[in-house]
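Please look over the sequence and the model shown here before reading on. The report is written for a reader who meets this structure without any background.

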Amino acid sequence: MGLKSYENFLGSNLTLSIVLYKDVRNLSEVRKLVIEGKFEAALIKPSVVVDPFQVLVAVNKAVHLHSNNKKYTRTLHSEILYSLAPSKNISDSYKKFGVTDQETSVLIVSLAEESTKPQDFLSVIQGQQVALESLPEFTDLDTVKKVYKIPDIELSIGTVLEAVVNRIASKDIVSL
Amino acid sequence: MSDLSKATLLKQGAEAKIYVIDFLGKPCIVKERFQKTYRHPDLDKSLTAQRTKSEIRSMLRCRTNGIRTPVIYFVDQIKNLIYMEYIQDSVTVRDYVTAIQNNPDGDTHLLEALMQKVGSTLATMHEKNIIHGDLTTSNMLLRNPPEELNLILIDFGLGYIENLAEDKGVDLYVLERAFLSTHPNTEALFELLLQSYAKDYGKGAVEVLRKLDEVRQRGRKRTMVG
Ligand SMILES: Nc1ncnc2c1ncn2[C@@H]1O[C@H](COP(=O)(O)OP(=O)(O)OP(=O)(O)O)[C@@H](O)[C@H]1O
Ligand SMILES: [Mg+2]
């Protein structure tokens with residue numbers, strides 16, 4: 001129901017899947033599986049995401065750096081998390097954008113070959129899948145504005161999503 | 001990313017090719033600065049990389065200060081491509097001014113309002129020490145309907161950050177030259193632009209306008225000699 005997938009993402013042989021969960025009871029177990037590399041995914045805090053497009057922009061960038069051997073982090077999925085953040089500080093990016101054991105909702109982003117279906121991974125999760133359209137209900141706009149350092153004047157000429165996307169796309173060139 | 005050889009070419013500028021693509025569901029243009037064969041390849045590469053960075057830096061700084069610029073979607077620093085929001089439903093200020101001037105019933109109030117808008121936008125830009133570097137009416141877009149004066153600045157490849165009045169004066173001079181030669185008999189209109197600039201800039205404006213005058217005189221001397 002809530003799973004959104006993009007096949008042949010950016011012309012690659014990879015499928016991008018994005019799923020939103022709430023009321024997750026075993027997030028520490030899920031995180032452990034990802035940290036141990038049993039499943040490849042980025043586990044993102046939905047509170048700092050305003051729109052799926054924000055994630056797409058970060059994934060696009062991560063894929064670009066990955067395929068040109070220019071990643072800043074170890075894996076494609078950690079690169080997605082890092083790309084999402086406005087900061088060049090990697091551990092700070094993980095802290096602000098990655099879920100913690102305390103959280104109950106999570107946005108799961110995974111980029112994998114067609115053969116590895118995300119279903120196996122998803123079956124481990126004890127929680128409720130929600131439609132991606134309800135993402136705005138999980139967004140904490142004040143936190144987003146703070147994390148991405150968005151001044152009010154910028155919102156007089158554009159949206160929060162635009163401000164966020166601008167920063168993700170230009171972070172290697174401009175540090176705010 | 002996507003293969004540009006299959007993309008639609010929208011414009012072929014002096015510096016760059018502008019392609020239109022779909023970027024993950026959004027209308028997008030890709031700006032590709034092409035090689036200048038008369039330049040040494042290494043120099044060309046570093047200049048192109050520098051322009052790409054300048055463009056991104058200035059666009060971001062504009063937006064954080066309330067000046068509209070296209071949203072940046074992606075920067076390919078390997079191929080020096082900028083992917084940005086395609087302002088689809090828009091007209092360049094150049095075409096808009098020309099259209100009104102060529103229309104016998106053209107509304108001059110619209111032009112006056114536009115000049116004021118441009119003047120006050122440039123005042124904000126200069127107050128924040130952003131120098132555009134290539135101000136022309138082709139590098140300004142108006143989202144439709146143009147009467148709403150949703151002014152969007154583009155083409156910041158020669159942009160930089162500087163607080164010197166001299167640089168701001170030169171920025172205005174470049175616009176003045178381009179404006180008066182593209183749009184005949186617009187001296188009075190341009191004066192309006194400068195008035196609005198001065199009003200919104202505040203106390204630093206006197207200095208900038210004095211520099212503008214100096215640059216004009218230098219320009220005149222040069223044409224008299226040459
Ligand atoms: N984001 C955009 N949305 C819509 N149209 C655009 C956009 N960016 C550029 N254009 C169109 O393409 C033209 C050329 O773009 P730009 O000025 O960035 O490149 P350039 O090569 O420096 O051009 P020139 O040498 O003609 O100044 C603009 O005048 C405008 O008509
Ligand atoms: Mg131009």
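The paragraphs below turn to the ligand site and then to one loop.

## Basis of the model

The model is predicted, so that local features need pLDDT of at least 70 and side-chain atom pairs count only at pLDDT 80 or more, while totals for chains, interfaces and linings use all residues. Residues are numbered from 1 along each chain as its sequence is written, chains are lettered from A and ligands numbered from 1 in the order in which they are written, and side-chain values use heavy atoms, with hydrogens and water left out.

Ligand 1 has 19 residues around it, of which Lys11(B), Lys31(B), Glu85(B), Ile87(B) and Asp155(B) come nearest; a residue belongs here if one of its heavy atoms lies within 4 Å. This shell consists of 10 nonpolar, 4 polar and 5 charged residues. Because domain 1 (8-85) and domain 2 (90-225) of chain B both give residues to the shell, ligand 1 lies between them.

## Polar contacts

A polar contact here is a pair of N or O atoms within 3.5 Å. An oxygen atom of ligand 1 is 2.7 Å from a side-chain N or O atom of Lys31(B), and an oxygen atom of the ligand lies 3.1 Å from a backbone N or O atom of Ala16(B). At Ile87(B), a polar backbone atom is 2.9 Å from a nitrogen atom of ligand 1.

## The loop between S8 and S9

Pro145(B) is found in the loop between strand S8 (140-143) and strand S9 (151-153) of chain B, where strands are DSSP runs of E with at least two residues. A cis peptide bond, with omega of about -10°, joins Asn144(B) to Pro145(B). Leu149(B) also has its place in the loop between S8 and S9, and although Leu149(B) is not a glycine, its phi is positive, at about 55°.

Terms used: A polar contact is a pair of N or O atoms within 3.5 Å; within protein, one must be able to donate a hydrogen and the other to accept it, and residues adjacent in sequence count only if both atoms are side-chain atoms. Ala, Val, Leu, Ile, Met, Phe, Trp, Tyr, Cys and Pro count as nonpolar, Asp, Glu, Lys and Arg as charged, and the others, Gly among them, as polar. Domain bounds come from an automatic or database domain assignment. Helices (H or I, at least four residues) and strands (E, at least two) are DSSP runs, numbered from the N terminus.
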